[in-house]
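Please keep the sequence and the model in view while reading.

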Amino acid sequence: MIEKHGLSFEDIDRVIEMAWEDRTPFDAIEQQFGLPEKEVIKLMRREMKPSSFEMWRARVQGRKTKHSALQSSDKFKSSLQRDITNNRISKR
């Protein structure tokens, strides 16, 4: 396993995938990978093309679904979705 900045390439890909998804809050990324929002932004800036980063950043900035503190409830969470625990995603 090749590591980069404490994360494997697979972990970096997963963080990017989770950050790109509009309904995955930064808190979920921090819980699973230990990266706070500022570190996720740094990782995205480092790993993405500048134009892709700018497009992503403009889209998620202030978005309620990306910031758990701004969400009023778990209304976007599927009733079939389970909690993420110990860097593993529970399967159905």
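## A partly exposed arginine and its partner

R46 counts as partly exposed, because its relative accessibility is 38%, and the range for that class runs between under 20% for buried and over 50% for exposed. The model discussed here is a predicted one.

The side chain of R46 meets that of E47 in a salt bridge, with 3.4 Å from N to O. E47 is partly exposed too, with a relative accessible area of 30%.

## Overall layout

The protein has four helices and four strands. Along the sequence they follow the pattern β-β-α-α-α-α-β-β.

Of the 92 residues in the protein, 32% are buried. The protein exposes about 6,600 Å², and carbon and sulfur atoms supply 48% of that area. Among contacts between residues at least 6 apart in sequence, 53% join residues at least 24 apart.

## The nonpolar core

Which residues have the most contacts inside the largest nonpolar core? They are V15, I29, V40, M44 and W56, in a core of 19 residues. Four helices each supply at least two residues of this core: α1 (9-20), α2 (26-33), α3 (37-47) and α4 (50-60). Helix α1 gives the most, with five residues.

Leaving aside neighbours within four places in sequence, V15 is in contact with L7, I29, F33, L35, V40 and L43. Two of these partners, I29 and V40, are also named among the residues with the most contacts inside the core.

## Aromatic pairs

How many aromatic pairs does a search of the whole structure find? The search finds two. In one of them, the ring centres of F26 and W56 are 6.4 Å apart and the planes stand at 85°, so this pair is edge-to-face. The pair links distant parts of the chain, with F26 in helix α2 and W56 in helix α4, 30 residues apart. Both F26 and W56 are buried.

F53 and W56 also form an aromatic pair, which is tilted, with 5.9 Å centre to centre and 45° between the planes. F53 and W56 both lie in helix α4, three residues apart, or about one turn of the helix. Each of F53 and W56 is buried. F26, F53 and W56 together form one aromatic cluster.

## R59 and its two partners

R59 takes part in a salt bridge with D22, where the side chains meet at 2.8 Å from N to O. This pair links distant parts of the chain: R59 lies in helix α4 and D22 in the loop between α1 and α2, 37 residues apart. R59 is partly exposed, with a relative accessible area of 25%. For D22 the relative accessible area is 25%, and D22 is partly exposed.

The charged end of R59 also sits over the ring of W20, 4.6 Å from the ring centre.

## Salt bridges in the structure

How many salt bridges does the structure hold? There are four, and those with R46 and E47 and with R59 and D22 have been described above. Another salt bridge joins the side chains of R14 and E17, at 3.4 Å from N to O. R14 and E17 both lie in helix α1, three residues apart, about one turn of the helix. R14 counts as partly exposed, because its relative accessibility is 26%.

## A buried threonine in a loop

T24 lies in the loop between α1 and α2, the loop that also holds D22. Is T24 buried or exposed? T24 is buried, because its relative accessible area is 15%, and the cut-off for buried is under 20%.

Not counting residues up to four places away in sequence, T24 touches M18, I29, T65 and K66. One of these, I29, is also in contact with V15, and I29 is among the residues with the most contacts inside the largest nonpolar core.

How values were computed: Residues numbered from 1 in each chain as written. Predicted model: local features only at pLDDT ≥ 70, side-chain atom pairs only at ≥ 80, totals over all residues. Heavy atoms only, no water. Core = buried A, V, L, I, M, F, W, Y, C linked by side-chain atoms within 4.5 Å. Buried < 20%, exposed > 50% of the residue type's maximum accessible area, 1.4 Å probe, protein only. Contact = heavy atoms within 4.5 Å. Phe/Tyr/Trp six-rings, centres within 6.5 Å; stacked < 30°, edge-to-face > 60°. Lys NZ or Arg CZ within 6 Å of the ring centre and 35° of its normal. Areas by Shrake-Rupley, 256 points an atom, 1.4 Å probe, with all protein chains shown as cover.
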